[in-house]
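Dear colleague,

Please find the structure below, handed over for your study. The notes that follow it set out what was found.

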Amino acid sequence: MEISGNQPTASTTGNTPGEAIFERVLPNALVAKSNELFALARKSSLWTLSFGLACCAIEMIDAHMSHHDLDRFGVVTWPSPRQADVMIVAGTVVKKMAEPIKRLYEQMPDPKWVIAMGSCATNGGPYYRSYSVVMGVDHLVPVDVYVPGCPPRPEALMYGVMELQKKISNDAKNRKLPVITSKPDTSTS
Amino acid sequence: MVQKVTETRTQSADRLDEVDMMLNMGPQHPSTHGVFRLVVWLDGERIVKAEPHIGYLHRGSEKLCEREDYAQIITLFDRLDYVANLNGELAFCMAAEKLMGLEVPERAWYIRTILCELNRIASHMLFYGVYGLDAGAMSPVLYGFRERERIILLFEAVTGARMMHNYIRIGGVKEDLPDDFNKRMATLIDELKHGIDECDRLLSRSEIFLERTKGVGTIDGKTAIDYGVSGPMLRAAGVKEDVRVSEPYGIYDRFDFGIPVGTNGDCWDRYYVRILEMRESLSIIEQAMQQMEPGDIAAKVRRIARPPKGEAFIRTESPRGDFGVFLVSDGGDKPYRVKVRAPSFANLQAITHLLRDAYIADAVVVLGSIDIILGEVDR
Amino acid sequence: MSDEPVSEDSEKPKAEAKAEKPARPARKEPETPTAPVMLDERGEALSGVLPKVFSDFEIEYSAAMDEVVAIVKPKDIPEVCRIAKEDERLNFDYLRSISVVDYEERLEVNYHLFSLENRHKMVIKTSVSPDDPHVPTATGVWRGADWHEREGHDLFGVVFDDHPNLKPLVLYEGFEGFPGRKSFPFHEYEEW
């Protein structure tokens, strides 16, 4: 497509406004609200913070690998929290790991989401009587999607990711802006 | 992730005062295979001292076992070594059977052996893929997981679960094999044979891979034994020790298979021993498929098992090495104490030795070659 | 030890006893049955050799299932372990594990040994009081004892004297109590 810009021509001299470039470039343009557009972009490229805690991590890796290929939903693992959007808590959160997880969450830029994968991350799972296990990662960070199972199948994780995508676009439609977390709280462990 | 290091610098190593840098790796790090933290002190690019920190997955499984029935504990053992679940189940069931003096039917042993060896291949395939990633090659992980997925599909048909099978029970197995097992197994063996060869061709002789792993992180047999190292890591150091052969349990004395042994004890040996082991496992499976005959799949056991008072220590060969279970019973329906002798736990100790005077760039390759599973290290 | 009272005993003891294999001890006995001792020939040979090797020490010998057991005084542990490793008749070069068992009135430290050369195995046991548990370290004998001892210190509070680095291993700094012990409570939560 040729874009020539708003050059004054013979017909549009004087006070008549020139032809808008928008009409020429995208004649069939749809208009959308900016937050919905952002949500569309966000949900289509969810970068997950790649860290596995326990058994679920194996299924998480499996979901990314050749057979299931989570990449086709735009979900790419990223080892650094600074560029990650989603934290998939895959596995048992023990008290020794609680502080690092909290800090990882705080290091992620807004907007950010958390998927609690598996029953351990949901509520302690088989280890609910243990002295050293945090009974669900929601005691530490806000969780958006819980994926049940011990461990969840890769398909279940994919479904969880799609639910998160739905949630992102619904939140944008309902004008719920992404939660901006308050200032980091590192007092508790 | 940056984490505050609280340790003082004055420990053991004498050169610590003049080191350039102290570097923290983990607990969130893509190459630590889970939640493992390694603190290294560097002099230039040389590692002066490495200090591993574990416990980021300490779930208290051993304590939890004291409160569960014997049958329920199998689920906890599934989740210890979560890449080779069936081998963990087998170890615990064998310990309980030893205390109870149970005779497990032949067919049950064949089923157990076939599935455990398959699980060994699946575990080594995961190692193969992830080790490729550690060394900087992206494609092996796709191939490794492709092979692993095939095995897992068969597991799902047999046990009903992809990972946490809860299939091996005290006295036998949960249920008999599905009708089309022999057919599926024959296809799978063919696929795996081809797959292992393909994986071997893809990575083992790669120039870059050889450069990165040959002669890196060497350990000699005597030191390895001193550290309690077992499994492929010990065999790579030239010690011919495999519990399946030296103390055959179950029906392993009926099969003819070799023990691959390395010569240098370096990372490449540890890697290649595992590749060769997969072939041996396939040969065991093939022999077992030929020998297996119909029959009972479980001994008669009371629903609530009550082993007599006493203690039993069992050793099995899990994909990572010598997986031991120390079971103390007081005659009740719950064990008095369960202690797991995890192979990764002992193998990981040797990392301080392996990393001494290594380059910092080799740290990940050395760590990957130990093939740790944190669920088992921390328990 | 199960803290619940045994409830299944009262149900149909006769029918179940019938179904059991004859080799297993009858369930109605007042005392709990004990696992049989079944030493193999290597174990028999080893139990013959042990008293000669450790003639200088006060050691009680017994057997548990298929393993020879030597019950040692805590203070003798380093010396006994060293001899067990270095004596050619024993040659226990491979430490399988160090496990602590809490018998409430005493803490028992089990050293499971194996000899890759001679292919025999044994257990060295020592008991300490739970109030002041001190056992000399065996790290000087097997380097692999390091983490096993740190774990025992973490979970059971057994102090392995002269251990080079007895920091918390599996628990975090500042964990209160010894979770491996029987007195340490499980995490309980109520249904709501």
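**Chain C**

Among the contacts in chain C between residues at least 6 apart in sequence, 52% join residues at least 24 apart; a contact means heavy atoms within 4.5 Å. Before going further, please note that this is a predicted model, in which local features need pLDDT of at least 70, side-chain atom pairs count only at pLDDT 80 or more, and totals for chains, interfaces and linings use all residues. Residues are numbered from 1 along each chain as its sequence is written, chains are lettered from A and ligands numbered from 1 in the order in which they are written, and side-chain values use heavy atoms, with hydrogens and water left out.

Chain C has 4 helices and 7 strands. Helices (H or I, at least four residues) and strands (E, at least two) are DSSP runs, numbered from the N terminus. Read from the N terminus on, the order of elements in chain C is α-α-β-β-α-β-β-β-β-α-β. Of its 192 residues, 50% count as buried. Buried means under 20% relative accessible area, exposed over 50%, and partly exposed in between (1.4 Å probe, protein chains only).

Ser115(C) lies in the loop between strand 4 (107-114) and strand 5 (121-128) of chain C. Ser115(C) counts as buried because its relative accessibility is 0%. Leaving aside residues up to four places away in sequence, Ser115(C) touches Leu90(C), Asn91(C), Phe92(C), Asp93(C) and His120(C).

Leu95(C) is found in strand 3 (residues 94-102) of chain C. With a relative accessibility of 4%, Leu95(C) therefore counts as buried. Although Leu95(C) and Trp142(C) are 47 residues apart along the chain, their C-alpha atoms are separated by 7.0 Å. Not counting residues up to four places away in sequence, Leu95(C) touches residues of two chains: Gly228(B) and Arg341(B), together with His112(C), Leu113(C), Trp142(C), Gly144(C), Ala145(C) and His148(C).

**Where chain B meets chain C**

How many residues of chain B are in contact with chain C? There are 54, and they meet 64 residues of chain C. The size of an interface is often given as the accessible area lost when the parts come together. Here, buried area is the accessible area (1.4 Å probe) that two parts lose on being put together, summed over both. Chain B and chain C bury about 5200 Å² between them, with 52% of it on carbon and sulfur atoms. Lys63(B), Arg302(B) and Tyr336(B) supply 14% of the area that chain B buries against chain C, more than any other three residues.

The count between these chains is 10 salt bridges, a salt bridge being a side-chain nitrogen of Lys or Arg within 4 Å of a carboxyl oxygen of Asp or Glu. One of them joins Asp66(C) to Lys98(B), with the closest N and O atoms 2.9 Å apart. Across the interface of chain B and chain C there are also 24 residue pairs in polar contact (both at pLDDT 80 or more). A polar contact is a pair of N or O atoms within 3.5 Å; within protein, one must be able to donate a hydrogen and the other to accept it, and residues adjacent in sequence count only if both atoms are side-chain atoms. The largest share of the side of chain B that touches chain C, 5 residues, comes from strand 6 of chain B.

**Where chain A meets chain C**

In chain A, 7 residues are in contact with 12 residues of chain C. The area buried between chain A and chain C is about 870 Å², and carbon and sulfur atoms give 62% of it. On the side of chain A, Lys96(A), Arg129(A) and Tyr131(A) lose the most area to chain C, together 67% of what that side buries. Between chain A and chain C the count is 0 salt bridges and 1 residue pair in polar contact (both at pLDDT 80 or more).

**Chain B: helices and confidence**

Ser139(B) is placed in helix 5 (residues 139-159) of chain B. Ser139(B) counts as partly exposed because its relative accessibility is 33%. Just after helix 5 of chain B, Gly160(B) takes a positive phi of about 95°. In helix 11 of chain B, 19 of the 25 residues are buried, so the helix is mostly covered.

Chain B averages a pLDDT of 85, and 94% of the residues score at least 70; pLDDT is the predictor's confidence in each residue, from 0 to 100. Over residues 1-12 of chain B, pLDDT stays under 50. Where pLDDT is low, the predicted coordinates should not be read in detail.

With kind regards
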